[in-house]
Amino acid sequence: MSLTPSNYNIVPLIKREGILSVLEKGSRIDGRKFTDFRSLSITQGYAKKAEGSAMVRLGDTAVLAGVKMKEDVPFPDTPDQGNFIVNVELLPLAYETFEPGPPDENAVELSRVVDRGLRDSKAIDLKRLCLVPGKKVWTIWIDIDVLDYGGNVLDASMLAAVAALYDAFLPKVEINGEEVKIIKEEKGERVPMNYPVVSVTVAKLDKFFLVDPELEEETIADTRLSISYLEDGRIVGIQKFGSGTLTTQELDAVESIARASTSRLFEELKKVITRPEGGVTQ
Amino acid sequence: MTEKDKIRTLVLPGDLVGEVGEQQAWSPYIIRNGNKLYSTVIGLLEQRDNQLVILPLEGVYYPRPGDLVIGLIEDVELYGWTVDIVSPYKAYLQGSSLLGRPVNAGEDLRRYLNVGDYIMAKVDSFDRSSSPMLSVKGKGLGRISKGKVVDVSPVRTPRLIGRNRSMVETLSGETGCEVLVGQNGRVWMNCVKKESEELLVEMIYLIEREPYTKGLTEKVKSLIRERLGVNVASPEAQANT
Amino acid sequence: MLTLQVQKPKLILEDGRRTDGRRPDEMRPIKMEVGILKNANGSAIVEMGKTKVLTAVYGPREMHPRHLALPDRTVMRVRYHMTPFSTDDRKNPSLSRREIEISKVIREALEAAVLAETFPRTTIDVFSEVLQADAGTRLVALMSASLAVADAGIPMRDLIAGVAVGKADGTLVLDLNEEEDMWGEADMPIAMMPSLSQVTLLQLNGNFTPEEFRAAIQLASKGIEELYKLQKETLTSKYSAYKEVN
C-alpha cells in the first residue's frame, strides 16, 4: 500500500521563501544557474570484487553501482537474449530517516525507472549475452547503492549504472557446441553496450524549472519530471515524481530544458567510458 | 411548498460554478482557480444572497460548533468519555459537562454513562487541530434513555429536517412520535405505538433514498396517513408538537 | 535449434487500422458505473475494452496507527492490486514491484486532486482491484479511483481522466491494446485534471522523438476530453433524479 509520506524533512517555510527569493533573482541557493548540474565525478572500478562498478558523486549525492553476472536459462519468449535486473537500495547510511529492510516504494520506483531507461533505450546488447540459444544466457545484476542522499538520486543512479556497465567484463567462456565452460578467474569480453543513456531530472518549484535539484529544492518542489535520453535526443523514458501537476505547455518546456542539459552528462560519461579497450560502439 | 422555490443545479467535481464574487465565504466544496470558482463535490448548487452554496450529496459528517448530534459512548476515561459521532473525528465529552461539577478523583464515570449509551449533545468546539468537544448542558441534552436511534447518511439531514423544519414536523405530527434529527445523520424517535415507529423508520429511509423527489413532504404525509388509516394526527402527537 | 520466440505481429494493417480494427486515434469501448458497493464510502467500476478495474474508497476516517496521521492533512493510502485471475497466467496475489510502483504513481496523481487539507489527522483509503488486465490498467484504475473518491463525497479539485498513447509500427496510437503494449515501440500513460488542464500522471516506457512526444500529448488530450465527458455523464446519470429539485 502506498501512503502519503510523513514530512520527513520539513523545510521551514522561511527557507522556502528564501529559496524562492533567490530564484526570483535568477540564481539558485548554491549559485547554480537553473539549467546547471552540480559538480559531477564518475569513478569506475571503485568496487573491485564487482565485475564492473562506478562511484558517482553529484553534488552531495553519492551513489555506487556494481555489476555482477550469473549464467541463467533464457525466458521462453526471448530464447536468444540475456537479461538484466536493476536494484536500487536506499541504504540506512544514506539518510537519517532511512530504515533497514526491504526496498520501500521509493527504492522500487527508482529501480524500475533506471531499468526502463536501460531497457527501452536498448543500451545493452542483450543478444550478445546469449551463450547457447534457448539454453544458456547471462543475467546481469546491476545493484545500485545510494550512499549519500543529497537530491536527484535518479540521475546519479543512471550515470552509475551506465558507467558500471561500461566498466564490466563477462567471465571468460569457452563454448563447444552446447557445452559451455566458464572460467570465472579470467576476464572475457566486455559487457556488450550499444551506447550510453542518461536521465535528466527537472524540478518544478513555483514557476521555476530547476535541473538537477539538490535535496532542499527537491523537498519543496511541487513535482519532478525525469526524462531519459539517448545522445541523439531521442526520449527513452519518462517518469513524473510527486503529487504536484504540470500543464502540457510546461511539459513542453521541461522537455526542452532537459534535452539541452544532456550534453554535459554525455561528455562526463565519455571521459570514463571511451577508452581504447572500452569499445563505445557509437 | 410554502417557501418560494429556489433553483438548484446538480454540480460535479471540476464544474465551473461562477466567478469570484466580492464576499464568497470559504467552503471546502468550492475552490478558486484564477478568478473562477469550481465545485469540488457532487452536490446541489444554489444562490443564497450573493453567495454560492453547494449542498454535498455524498460524504461524511464534518463537525461544526453548535450542531446537535447524537453520539455513542465508545470509551469511559478518567475525566470523561470518548464518543463516536459518525465522523472522521472522535468526540470527547468532559465529565463536568454532564455532572455540572468537576469529576472527583477516582470517581467511576460508568455510573453516569457507559459504553453503548447514546447521548444527545451539542458540538461545543472543533477546530481541526483537536478533537470535537461535546456539551450536554441544555434542555433535552444528555443520556438517551428511551426510544430508538437510526442512522442515515449525514448529508441527508438537511432533507430530513426540511425547509423551516417542514419535514421533521410532518414526520412527528403525522406519526405522533417525537423525532429529533442529529446533524451527524442519527435520528432519534420515541413512539407510543410500535406500528408508528416502524412506519416512521420506513419513511426516514425513504427520504434518505430519494431525498429530492418533487413534493416529497406531501408524499410522505399522504403515505403515513394512508398506512395509519387515519386522516388526523393522534392525540399524543398533538400534545408533542 | 529452438525457435520458441514469437514473432512480432504487424500492428498497423494495410488499411491503416489496428489489430483490433480501431483507427489509430480511436479508444476502446468504455463503461463506467459508480456507487456499486454497499459498505465502501465510495466505489466505481470502469471498463476499457477487456480491462476492468473496481475501486472502493473508505474515509476520511480515523488513522490507525495514530502516529502515522499528519497534523495538517489527510493521509492517502492507495493500493493497486491485480487479482490472481486477472491475467492469462495466474498472478501471484502478493504485491509485485510493479504493483508497488503503480500504487505510488496513482496515489500521487490522486493527491494532486484531493483537497487533503480539509481532513487533517485522518486517512482516506483507496483500494483498486484489477479484475481483468488487458492493457491500460493503471489509468483505468486511476479513473475508477477518481470516480470513487467523488462518490465518497471527498472534496477534489477535479476528476482525473487518463489514457495511454503509444507507438505501433511507427504510428502514434491512442489507448494501447495488449499487443501494442507488448510489441509497440512506446507506451506513455498520461492522466489529467481536464478542467484545470493539469497533468497528474505521466510515464513513458519505450522511445519517442521530442516531436513524437509532443504529438502524443496532443493525441492523449483528445482522448482525455472524451473520457472526462463520460465520467461526468456517469455521475450525472446516477444523480439525474436530483437535477429537477425544489
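How many helices and strands does chain A have? Chain A has six helices and 13 strands, where helices (H or I, at least four residues) and strands (E, at least two) are DSSP runs numbered from the N terminus.

The model is predicted: local features need pLDDT of at least 70, side-chain atom pairs count only at pLDDT 80 or more, and totals for chains, interfaces and linings use all residues. Residues are numbered from 1 along each chain as its sequence is written, chains are lettered from A and ligands numbered from 1 in the order in which they are written, and side-chain values use heavy atoms, with hydrogens and water left out.

**Chain by chain**

For the 282 residues of chain A, a compact globule would have a radius of gyration near 19 Å, and the value of 20 Å for chain A agrees with this. The radius is taken over C-alpha atoms, and the globule rule is 2.2 Å times the number of residues to the power 0.38.

Chain C contains four helices and nine strands. Read from the N terminus, its elements follow the order β-β-β-β-α-β-α-β-β-α-β-β-α. Its radius of gyration is 19 Å, close to the 18 Å that the globule rule gives for 246 residues, so chain C is as compact as a globular protein of that length.

In chain B there are six helices and 15 strands.

Buried means under 20% relative accessible area, exposed over 50%, and partly exposed in between (1.4 Å probe, protein chains only). Accessible areas come from the Shrake-Rupley method with a 1.4 Å probe; for residues, only the protein chains shown count as cover.

| Chain | C-alpha span along principal axes | Buried residues | Accessible surface |
|---|---|---|---|
| Chain A | about 70 × 40 × 35 Å | 57% of 282 residues | about 12000 Å² |
| Chain B | about 60 × 50 × 25 Å | 50% of 241 residues | about 12000 Å² |
| Chain C | about 60 × 45 × 35 Å | 60% of 246 residues | about 9400 Å² |

**Contacts and charges**

A contact means heavy atoms within 4.5 Å. Among contacts between residues at least 6 apart in sequence, those joining residues at least 24 apart make up 69% in chain A, 60% in chain B and 68% in chain C.

Two pairs of chains touch, and the most contacts are between chains A and C. Chains A and B do not touch, and their nearest C-alpha atoms are 14 Å apart.

Lys and Arg count as positive and Asp and Glu as negative, while His and the chain ends are not counted. The place of a charge is NZ of Lys, CZ of Arg, CG of Asp or CD of Glu. Chain A carries 35 positive and 45 negative charges, with mean positions 3 Å apart. Chain B has 31 positive and 31 negative side chains, and the centres of the two sets lie 2 Å apart. For chain C, the 32 positive and 35 negative side chains have centres 5 Å apart.

**Nonpolar cores**

A nonpolar core is a set of buried Ala, Val, Leu, Ile, Met, Phe, Trp, Tyr and Cys residues joined through side-chain atoms within 4.5 Å. The largest has 159 residues, and A:Leu118 and A:Ile142 have the most contacts inside it. Helix α3 (residues 153–167) of chain A gives the largest share of this core, twelve residues. Another core, of 26 residues, lies apart from it and includes B:Tyr89, B:Val103, B:Met120 and B:Leu134.

Leaving aside neighbours within four places in sequence, the residues in contact with A:Leu118 include A:Phe84, A:Val86, A:Ile142, A:Met158, A:Leu165 and A:Val197.
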